[in-house]
Amino acid sequence: MLKRCTCGHAMKLILRTVIHARKVSITNVPVYSCEQCPRNEVFPGVKEDLGRLVGRLGSDPKPQHIPFDEVHEWAGVLREALARKKPLQAVSVASIAEERTNELLDLMLIASSVGDEAWMAELKSRLSQLSAQYIS
Ligand SMILES: [Zn+2]
């Protein structure tokens with residue numbers, strides 16, 4: 001799970017806290033961080049959804065704490081992968097993503113059997129987060 005920085009050094013995928021408008025702390029945001037220079041890049045798989053989240057908060061949000069790994073499936077998968085093994089291995093990330101997909105599909109089965117449409121919609125959006133391409 002390495003990426004090359006524009007300075008030529010390796011960038012490591014880490015989870016960090018992003019502060020928005022000095023009031024909101026968003027924890028466990030997957031970010032590529034360079035080992036040599038101060039460059040950081042948001043993990044491509046979550047970039048759009050993070051942008052949407054920040055957009056929804058607006059420029060004058062109320063102080064709050066948002067665990068991004070509960071908002072976004074990729075952040076959850078990466079947190080789990082880092083908890084199991086460091087540094088991140090693409091193969092273990094892939095297997096955790098697959099486990100999580102199966103878990104969501106099982107839940108989907110339950111949600112549809114009880115006819116809970118709101119829950120189904122929620123699960124569907126989580127599944128689409130995971131199926132989004134994550135390697136840039
Ligand atoms: Zn760099």
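**View 1. The hairpin of β2 and β3.** In the hairpin of β2 and β3, alanine 21 takes a positive phi near 50°. This hairpin has 3 residues between the strands. The model is predicted: local features need pLDDT of at least 70, side-chain atom pairs count only at pLDDT 80 or more, and totals for chains, interfaces and linings use all residues. Residues are numbered from 1 along each chain as its sequence is written, and side-chain values use heavy atoms, with hydrogens and water left out. Strands (E, at least two residues) and helices (H or I, at least four) are DSSP runs, numbered from the N terminus.

**View 2. Strand β3 and its partners.** β2 and β3 run antiparallel, joined by 9 bridges. Two strands pair if DSSP finds at least two bridges between them. Across this pairing, isoleucine 14 stands opposite valine 31 in β3. β3 also pairs with β4 in the antiparallel sense, over 3 bridges. Here serine 33 stands opposite asparagine 40 in β4. A hairpin of 5 residues joins β3 to β4. With strand β5 (residues 64-67), β3 runs parallel, and 4 bridges join them. Threonine 27 stands opposite proline 67 in β5. How many of the residues of β3 are buried? The count is 10 of 11, so β3 is mostly covered. Buried means under 20% relative accessible area, exposed means over 50%, and partly exposed lies in between (1.4 Å probe, protein chains only).

**View 3. The zinc site.** Which residues coordinate the zinc ion? They are Cys5, Cys7, Cys34 and Cys37, each through SG, at 2.3 Å. Donors are N, O and S atoms within 2.8 Å of the metal (3.2 Å for Na, K and Ca); water is not among the atoms, so sites may look incomplete. The 4 donor atoms subtend angles of 105 to 119°, which makes the arrangement tetrahedral. Along the chain, the donors follow the spacing C-x1-C-x26-C-x2-C. Cysteine 7 sits in the loop between β1 (2-4) and β2 (10-20), and cysteine 37 in the loop between β3 (24-34) and β4 (40-42), so this pair links distant parts of the chain, 30 residues apart. Cysteine 7 is partly exposed at 39% relative accessible area. Cysteine 37 is partly exposed too, at 25%.

View 4. Lysine 12 and glutamate 35 meet in a salt bridge through their side chains (3.4 Å, N to O). Lysine 12 lies in β2 and glutamate 35 in the loop between β3 and β4, so the pair ties together parts 23 residues apart in sequence. A salt bridge is a side-chain nitrogen of Lys or Arg within 4 Å of a carboxyl oxygen of Asp or Glu. By this rule the count comes to 12 salt bridges.

**View 5. Charged pairs on the helices.** The side chains of arginine 100 and glutamate 73 form a salt bridge (2.6 Å, N to O). Arginine 100 is in helix α4 and glutamate 73 in helix α3 (residues 73-84), 27 residues apart. Is glutamate 73 buried or exposed? Glutamate 73 is buried, with a relative accessible area of 4%, whereas arginine 100 is partly exposed at 23%. Both belong to a salt-bridge network of Glu73, Arg100, Glu103, Glu122 and Arg126. Arginine 84 and glutamate 80 make another salt bridge (2.9 Å, N to O). This pair lies within helix α3, 4 residues apart, about one turn of the helix.

Technical notes: Four donors count as tetrahedral if all angles lie between 85 and 135 degrees; four count as square planar and six as octahedral if opposite donors are over 155 degrees apart and all others between 65 and 115; anything else is irregular.
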